[in-house]
Amino acid sequence: MINIPKGTKDILPKDSYKWQIIRNVANNIADKYNLKEISTPVFESTELFVRSDGDSSDIVNKEMYTFLDKGNRSITLKPEGTAGVVRSYIENGLGNEILPVKLFYITPCYRYEKPQAGRLREHHQFGVEIFGANSLASDIEAILIAYDFYKSFNIEPTVLINFLGCDECKQNYKKILREFVLPNLDNMCEDCHKRYETNPLRLLDCKSTTCQNFLAKAPLISECLCEKCKSKFNDITRMLTSIGIKYQIDPKLVRGLDYYTDLVFEFWDFDENLGKNALGGGGRYDKLVGSIGGKDTPVIGFGIGIERLLTYLENKNIHLKEKEPVDVYVASNTENENYVIKFVKSLRDKGFRVDSDLMSRSIKSQFKYADKINAKFVIVIGDDEINENKISIKNMRSSEQIKIWSNDVVEYLKQNV
Ligand SMILES: [Zn+2]
Ligand SMILES: [Zn+2]
């Protein structure tokens with residue numbers, strides 16, 4: 001017996017309605033905000049992720065599924081959604097026409113992680129990228145799109161935000177942070193030594209308590225911002241307040257990838273019983289398009305993990321609406337297959353949702369099946385019925401059963417389904 005690879009999950013028929021709902025919600029939100037869908041391949045050149053996600057990020061260092069293909073090219077299964085979309089945006093000249101370009105996608109992502117609660121090696125993301133705008137309106141719109149998506153599931157998360165600043169602010173802060181850390185670097189963890197060299201901002205999200213205790217006194221990014229960045233951040237928080245979005249400033253929020261500048265945000269739910277749950281996040285990355293060969297273009301975007309959202313909804317006891325069962329199950333007890341097949345087809349042609357016996361089973365077994373799939377009505381066709389030009393129809397909710405003219409079935413169903 002061959003088992004599913006570690007850290008992956010099947011979406012079984014009993015759960016697929018949830019995924020359909022998520023796709024529908026994503027599509028509706030996209031329509032509401034005029035986002036267009038984009039799909040990019042599951043794999044890309046490894047170099048794309050090394051250059052865009054940064055060679056100091058955990059993703060690139062530890063978590064990528066990378067292999068040589070038969071043509072000796074280094075290929076990587078996409079670990080996140082943004083890089084491929086940015087590659088496509090540049091390659092297809094999507095920005096040559098009119099800006100902004102507002103895109104969304106639902107994509108599988110692959111990370112070689114320790115499979116633990118909520119961490120899969122294959123997971124799916126709903127992502128949005130807005131190319132071409134760097135404005136208060138675009139920052140707020142990105143947050144609102146995500147917020148609207150959550151609200152469709154009756155969740156109102158808290159938005160954690162931070163502002164990493166412009167390139168200059170970021171460089172300046174890196175220097176300040178390095179200077180602060182240096183005297184104590186020897187006492188910090190191994191990862192932090194690497195971060196110190198490659199991306200000191202990530203020192204701030206070290207999980208080690210020793211490092212955290214020491215970093216608690218580190219100067220904050222917000223204290224080191226230039227006047228322009230300070231005022232941008234103020235505008236954002238003021239706007240969020242005025243449109244009633246719950247937010248908290250988290251001065252240590254830097255996000256895992258190197259490419260963020262200016263605004264970064266994450267969506268969290270703080271529940272008394274369930275504890276803290278991260279539900280998604282994103283930010284601005286105005287240098288990314290330029291750094292992988294495109295014309296400098298500001299971008300803001302976010303990603304929401306779908307499996308994580310589904311687990312969270314389950315834990316919160318928020319139920320998604322299951323699909324309606326079929327209108328009619330057609331049970332038959334006759335050699336005249338021709339008649340039955342045509343009858344079933346005629347009901348489907350009229351738009352009814354119909355299932356019928358494909359196993360040549362006894363009437364009793366057919367009724368059992370109809371019960372199991374929760375059919376609203378069962379129509380029985382036997383030789384008597386065919387000869388009389390009638391059918392028997394049973395309302396499975398009320399158990400009432402009657403015989404009617406075959407010609408009247410459509411009308412009867414229209415009135416009673
Ligand atoms: Zn600045
Ligand atoms: Zn550390």
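Visitor: What makes β2, β4 and β3 a sheet?

Guide: They form an open sheet of three strands in the order β2-β4-β3, paired antiparallel. A strand is a DSSP run of E, at least two residues; a helix is a run of H or I, at least four; both are numbered from the N terminus. Two strands pair if DSSP finds at least two bridges between them. Four bridges join β3 to β4 (residues 74-77), so that pair qualifies. One of the partners of β4 residues is L68, bridged to S74.

Visitor: Why are β2 and β3 called edges?

Guide: Each has a single partner strand, so one side of β2 (43-45) and of β3 (65-68) has no neighbour in the sheet.

Guide: A word on the basis. This is a predicted model: local features need pLDDT of at least 70, side-chain atom pairs count only at pLDDT 80 or more, and totals for chains, interfaces and linings use all residues; side-chain values use heavy atoms, leaving out hydrogens and water. Residues are numbered from 1 along each chain as its sequence is written; chains are lettered from A and ligands numbered from 1 in the order in which they are written.

Visitor: How do you know that β5 and β6 pair?

Guide: Ten bridges link β5 (residues 101-110) to β6 (residues 122-131), in the antiparallel sense. The cut-off is at least two, so they pair. Y105 has G127 of β6 as its bridge partner. Both strands belong to an open, mixed sheet of eight, ordered β1-β5-β6-β11-β10-β9-β7-β8.

Visitor: Which residues make the contact of α1 with α5?

Guide: Contact means heavy atoms within 4.5 Å. I22, V25, A26, I29, K32 and Y33 of α1 meet E141, L144, I145, D148 and F149 of α5. The axes of α1 (residues 16-33) and α5 (residues 136-151) come within 10 Å and cross at roughly 145 degrees. Axes are lines fitted to C-alpha atoms, for helices over the stretch in contact; angles run from 0 to 180 degrees between N-to-C directions.

Visitor: What makes the zinc ion (ligand 1) arrangement tetrahedral?

Guide: Start with the donors: N, O and S atoms within 2.8 Å of the metal (3.2 Å for Na, K and Ca), with water not among the atoms, so sites may look incomplete. Here they are the SG atoms of C166, C169, C226 and C229, 2.2 to 2.3 Å from the zinc ion (ligand 1). Four donors count as tetrahedral if all angles lie between 85 and 135 degrees. The angles around the zinc ion (ligand 1) are 102 to 126 degrees, so the arrangement is tetrahedral. In sequence the donor residues are spaced C-x2-C-x56-C-x2-C.

Key
Four donors count as tetrahedral if all angles lie between 85 and 135 degrees; four count as square planar and six as octahedral if opposite donors are over 155 degrees apart and all others between 65 and 115; anything else is irregular.
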